[in-house]
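Subject: Handover of a structure for your review

Dear colleague,

Please find below the structure that I am passing on to you. A summary of the findings follows it.

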Protein chains: 2
Amino acid sequence: VRFGVNYTPAAGWFHSWLELDPADVRRDLTAVAGLGVDHVRVLPLWPLIQPNRGLIRRKALQDVATVVDIAGECGLEVNVDALQGHLSSFDFVPSWLESWHRRNLFTDPEVVDALAAYVTALTEAVADKPNLMGITLGNEVNQFAAAPHPTPHPVTEEGGDWWLARLTAAARSAARPGTLITHAMYDAAWYDDTQPFGPRHAADHGDATVVHSWVFNGTAQKHGGLGDGSVRHAEYLCRLAAAWHTDARRPVWLQEVGAPTNVMDPADTPAFLEATIRGAARVEGLSGITWWCSHDVSRDLLDFPALEYDLGLFTADGKIKPIGEAFAAAVAAARATAAVPVGDAIVLDDLRPGYRAACSPGGEFNQRWLSYETGPQIVLASKAADTALLRARGITRIV
Amino acid sequence: VRFGVNYTPAAGWFHSWLELDPADVRRDLTAVAGLGVDHVRVLPLWPLIQPNRGLIRRKALQDVATVVDIAGECGLEVNVDALQGHLSSFDFVPSWLESWHRRNLFTDPEVVDALAAYVTALTEAVADKPNLMGITLGNEVNQFAAAPHPTPHPVTEEGGDWWLARLTAAARSAARPGTLITHAMYDAAWYDDTQPFGPRHAADHGDATVVHSWVFNGTAQKHGGLGDGSVRHAEYLCRLAAAWHTDARRPVWLQEVGAPTNVMDPADTPAFLEATIRGAARVEGLSGITWWCSHDVSRDLLDFPALEYDLGLFTADGKIKPIGEAFAAAVAAARATAAVPVGDAIVLDDLRPGYRAACSPGGEFNQRWLSYETGPQIVLASKAADTALLRARGITRIV
């Protein structure tokens, strides 16, 4: 299992891409490396790189490459995300896709051609870096696909496949063999039956199934910040993701997990982190845990939801927080601990309409999974007869 | 009468603010100065300067100051616009005002505080430049106030006054005495009875009444590109603006006028320009004519409405166009020609609801004004008894 951190620049948050300061990046990433992690996830702002559909700025690509290089000097590998897109409640969408130019992000052929060109160019810009870990198509781009987004871009399930296949191929075309190509969705994909991007999209595209675990989704409201349902949420979601795999060797990457203080006492965040990482690290096939995030958002920056300000392992002025120390210890402990295989599994009836609601926090299936003291693996009803797959996943018993 | 050009950077259009290249600016503005003009209008992109409500980027302000300095080296004064806002069909609105953070641009007190802080900071950044001509609050910000904008920000007439007064004061607070403070509206203010910002707003705020004249508003469709109604449109709109003045000395600034090739033959644009400038220069109290625009938009940049690509006096690679040569000649001719006073005026019944539609292209009042071979001045019915004002305006006869 790899451990890493989502890099939120201490000075200027992601607006720092407007005037990249290598010294700031070096200071931030030196601190991050000190936590004992092996990688960071880096999130450029798409409209700054592709401000016009026909313009991909070389200088902006160079800035991304510079950050990858600095990370390398700090001993860190880097995952680069492309379509941001959405970050911490703010949407960054270029003007050629907004208001008078509003076109569908997922279905307009010219738009998707331009996205593919962007993903390819971004990948090319970092493809030869020895410390490039991977490319993710974008951060939770499925947020744009449906309500509650204020101005959703409708897409069908098949359209989602077409879009993901097209952009995954765009990244692949420019990447060296072995570069991890992924896409990332927020948890409506797993929990909301109206979200066009679903579990199958997560499991069918790219080289790993990416999970973002946020207990402000109703989980911590129900269970309390340190409740069993909360500290086991990341593990649950990773196991739920793995249920859709047709290849038992496909990894699950817990690419985002954090301790939001709108639903837990700040003093409880180190304990939440410790239990969350311990639980998630048990998941068969888990390839990595990447904590959100490196640095708090400065209070000088306004309009963030309250919880977004203090998700960092470091303060905005670079001091390590108790949760940062807990993270370093949890990473060291997880690395020193051999995973104990879980042979038991429970069956999710994925053939029944509404199964995503059943999986959601407080849903019937979610409750059933939590009723086991040690989280069982999850098997889809549609795959329950595939004994070879079950065996490959280490499942010895359906309970 | 002053003559100038709206500066559209040849390389990268306004996206060039993302990576300002002083050499590019110097090349462009040297060419512009060669036309014999005395000023340029410069339009920064607001979201690049204020990407968060609490963050006004010093470096971005310095970029604006750098452009003002380079213009000064070229012998040009500069008008700086603040809230862009809207440019050539593209909206540039910061993420803290979009989608999840959608707040009203005109009425939300925190937003308007932030706009005021931005306008003040931008003004401060250039206030001491000896070649600063003025500050405009923003380019056609009234576009955001109503339909047909796809996501309008509603505001009342009184709200419009509050907003304009607040932001005008913000600019004034940081400007040296004598700096021209203005605001700019597109012509719905004059022609569309549903547009919250109207002629009174144009005439009551700031140091001059700003007019943007675009014959693609129905005028050229009706009259043809070189028709009388088209080449006299700028003059008409300037005279219409002056009708609202309560002080005869208040200037009218024709801040934008251009030759759009969606409604005229490209070969006709020099003749259109010549007649337009000759006509507008006749307007009593006209302070300036600022042509839109300096440089064509590169065809490498996509999604502009077709007409926006070739509005330049120079091509995107810096060659002067026939219309550029016509502009230089028209400026020289206008400077050499004394204005002939127009003593006749016609009365617009501004007390009748729907008077703005009557003024619009093809409307009853517009037709009446055009029926005179030499454009008369315009007097509002509500001011027709103010003989002192009429006398100060040089009006000798109501016809």
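Is A:C238 buried or exposed? A:C238 is buried, with a relative accessible area of 0%; buried here means under 20% relative accessible area, exposed over 50% and partly exposed in between, with a 1.4 Å probe and protein chains only.

Please note that this is a predicted model, in which local features need pLDDT of at least 70 and side-chain atom pairs count only at pLDDT 80 or more, while totals for chains, interfaces and linings use all residues. Residues are numbered from 1 along each chain as its sequence is written, chains are lettered from A and ligands numbered from 1 in the order in which they are written, and side-chain values use heavy atoms, with hydrogens and water left out.

Cysteines

The structure holds 0 disulfides over all chains, a disulfide being a pair of cysteine sulfur atoms within 2.5 Å. For A:C238, the closest cysteine sulfur is that of A:C359, and at 14 Å it is too far for a bond. B:C293 also counts as buried, at 2% relative accessibility. Its sulfur lies 18 Å from the closest cysteine sulfur, in B:C74, which is likewise too far for a bond.

Pockets

A pocket is an open set of points on a 1 Å grid over the protein atoms alone, with protein on both sides within 12 Å along at least five of seven lines; lining residues have an atom within 4 Å of a point. A volume is the space filled by probe spheres set on the points, which are joined across faces, edges and corners.

The largest pocket holds about 570 Å³ of space. Its lining has 24 residues, with A:H86, A:E140, A:Q143, A:Y186 and A:F216 nearest the centre. By class, this lining has 12 nonpolar (Ala, Val, Leu, Ile, Met, Phe, Trp, Tyr, Cys and Pro), 5 charged (Asp, Glu, Lys and Arg) and 7 polar residues (the others, Gly among them).

The second largest pocket holds about 460 Å³. Of its 20 lining residues, B:H86, B:E140, B:Q143, B:F216 and B:E308 are the closest to its centre.

Cavities

The whole structure contains 6 cavities of 30 Å³ or more, a cavity being a set of grid points where a 1.4 Å probe fits but cannot get out. The largest cavity has a volume of about 420 Å³. Among its 24 lining residues, A:P47, A:L48, A:V93, B:P47 and B:V93 are the closest to the centre. The lining of the largest cavity comprises 16 nonpolar, 4 polar and 4 charged residues.

Yours sincerely
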